[in-house]
Amino acid sequence: MNFKLDTEKLRKLKHLLVDREKTLQYHGKCPHCEVTIEYHETHTSLSAIREYNITVPEEEDYGVIIGTCNNCKEIFKVNIANPDCSGFKLEYIKTDFYFDNDKQKEMMYKKTPSLTDFIDQNNILIDRKTDYDFFNHPLYICNECEQNLETISFKILKEKWGLISEEYWGYINWSLGKSRGPSPKYIFIKFPFLCNCGQEHTANFVSLYQENISFEKHVFALVNIFGARSLPDVIFGVYTKSNIMTWLHKLIIRWNILFKKVYIISPYVGHLFLSDEKKVDAWLSIINRLDDEKTSILVKSGQVKIFKESFSKTNKNSYDEMVRFNLGSKIIKELKNKNNFHAKIYCAVGKNGCEIMNGSSNLVEGVSYEVVNFDIMESYKKTFDRFLKPLGIDDVSAQFETHDENEYSLLFDESNSFEVFDLQIYPRDYTDLILHNITPTRP
Ligand SMILES: [Zn+2]
Ligand SMILES: [Zn+2]
């Protein structure tokens, strides 16, 4: 179809053209008080807008956003692409914006100073990784025939995505049309499927909510499969370091959602003979998967110093410089150091129980064999007394009842035709839903 939309109309549609893959993150300093200000520049891509049955070309405008510093309350400006859609990490800091041809506002903000001292896009220490390897070292296998249920269910998810994404698209459009509160955090997807041997299972997938229904742009992970072999029976024996690390990566995704606190306890990260780059990789492959709000790491003293030195040698910005811009890892900052331990414990704790993987494997990939096992404990107290207290870790049971009031998620359940409008899922529901197959009901 060949027709023209004027700039005004295009700008109204622009939020539908935003391409999250192209979003750039920046850090600058307030010109008045030097506090770090985080902001993002949004870009668009050609998009098909189903609602109007048209394809709209990308629409890039340039201009300025005005912020009011939440520390010193003074205002500053930033030259930016798409000032209508770009903004600050703290949304309320954005107090005005204008496009380049707006002479009136240009005059108004003529004397406003710009953000200073930028550091670009270097989010290497705080980027979250959520990729899930569906093809190797499955956590969920068929109890009857031992097949990898992760590969089978992922293939079925792809087939069902057409149906799911229609419901999802309906929700996105509805939510864009109403006044905006916080967006859902996750989407959970639940459907029954048959293993090749005929055994029935129910898959529980998760992905972060996005205003986007492209299958490829979502990063799916499995948080459970009902009917699969129990995890203590799967993670039990002698396996390669790489196999154990893959399991740990998968467990971390599950733990971040289901538990209140995650502990990564390992005397060493990587090993002595790795190059600086490999040492940094070993650290990043783990810290980039962890939720910095809920994780504690315990390593031998000296390990952190080695990481910071290797990082500074192999990156454009030194570790200290990253910290100056709030780009250092919060996890590393809070990490505890101790010298007299050799235990390797990876565990998650919460009100409804604890999961612990432990054995002989440090945080490192490799082909050599290590012993490993997995326990599900009902009692936090027992887990704490036996595994955490001896290492000087604090009792955190007081935090178990607190939940983020603003967090909620969507559930696409095949038994409810994947409809999402009638039910929001809150963090207090996650355990019932994912571990016990109980869908919450609301009065
Ligand atoms: Zn300021
Ligand atoms: Zn089977």
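A residue counts as exposed when its relative accessible area is over 50%, as buried when that area is under 20%, and as partly exposed in between. With that in hand, Lys305 is exposed, because its relative accessible area is 57%. Please keep in mind as we go that the model is predicted.

How far can the coordinates be trusted? The protein chain averages a pLDDT of 88, and 94% of the residues score at least 70. Confidence is highest in helix H4 (residues 231-234), at 98, and lowest in E9, at a mean of 68. Where pLDDT is low, the predicted coordinates should not be read in detail.

Cys33 sits in the loop between strand E1 (24-29) and strand E2 (36-41), while Cys72 sits in the loop between strand E5 (62-68) and E6, so the pair ties together parts that are 39 residues apart in sequence. Cys33 is partly exposed, with a relative accessible area of 26%, and Cys72 is partly exposed at 25%.

The zinc ion (ligand 2) is held by Cys142, Cys145, Cys195 and Cys197, each through its SG atom, at 2.2 to 2.4 Å. Here the donor angles are 100 to 113 degrees, which makes this arrangement tetrahedral. The spacing of these donors along the chain is C-x2-C-x49-C-x1-C. Cys145 belongs to the loop between strand E9 (116-120) and helix H3 (149-177), and Cys195 to the loop between strand E10 (186-194) and strand E11 (200-208), so this pair ties together parts 50 residues apart in sequence. Cys145 is partly exposed, at 29%, whereas Cys195 is buried, at 4%.

The loop between E9 and H3 also contains Glu146, which has a positive phi of about 65 degrees although it is not a glycine. Most residues other than glycine have a negative phi. Asn82 is another residue with a positive phi, near 50 degrees. Asn82 is in the loop between strand E6 (75-81) and strand E7 (87-88), and is buried because its relative accessible area is 0%.

Now for the charged side chains: the whole structure holds 15 salt bridges. In one of them, Glu414 meets Lys160 at 2.9 Å, N to O. Glu414 is in the loop between strand E20 (409-413) and strand E21 (424-425) and Lys160 is in helix H3, so the pair ties together parts 254 residues apart in sequence. Glu414 is partly exposed, at 25%, while Lys160 is buried, at 18%.

Lys305, where we began, pairs with Glu309 in a salt bridge of 3.6 Å, N to O. The two are four residues apart in helix H7 (residues 303-314), so about one helical turn separates them. Glu309 is partly exposed, at 41%.

A further salt bridge joins Glu401 to Lys351, with the closest N and O atoms 3.8 Å apart. This pair links distant parts of the chain, 50 residues apart: Glu401 is in the loop between helix H10 (380-388) and E20, and Lys351 in the loop between strand E17 (344-350) and strand E18 (353-359). Both Glu401 and Lys351 are exposed.

Tyr369 is part of strand E19 (residues 369-377) and counts as exposed because its relative accessibility is 58%.

Key: Residues are numbered from 1 along each chain as its sequence is written. Chains are lettered from A and ligands numbered from 1 in the order in which they are written. This is a predicted model: local features need pLDDT of at least 70, side-chain atom pairs count only at pLDDT 80 or more; totals for chains, interfaces and linings use all residues. Side-chain values use heavy atoms; hydrogens and water are left out. Buried means under 20% relative accessible area, exposed over 50%, partly exposed in between (1.4 Å probe, protein chains only). Donors are N, O and S atoms within 2.8 Å of the metal (3.2 Å for Na, K and Ca); water is not among the atoms, so sites may look incomplete. Four donors count as tetrahedral if all angles lie between 85 and 135 degrees; four count as square planar and six as octahedral if opposite donors are over 155 degrees apart and all others between 65 and 115; anything else is irregular. pLDDT is the predictor's confidence in each residue, from 0 to 100. A salt bridge is a side-chain nitrogen of Lys or Arg within 4 Å of a carboxyl oxygen of Asp or Glu.
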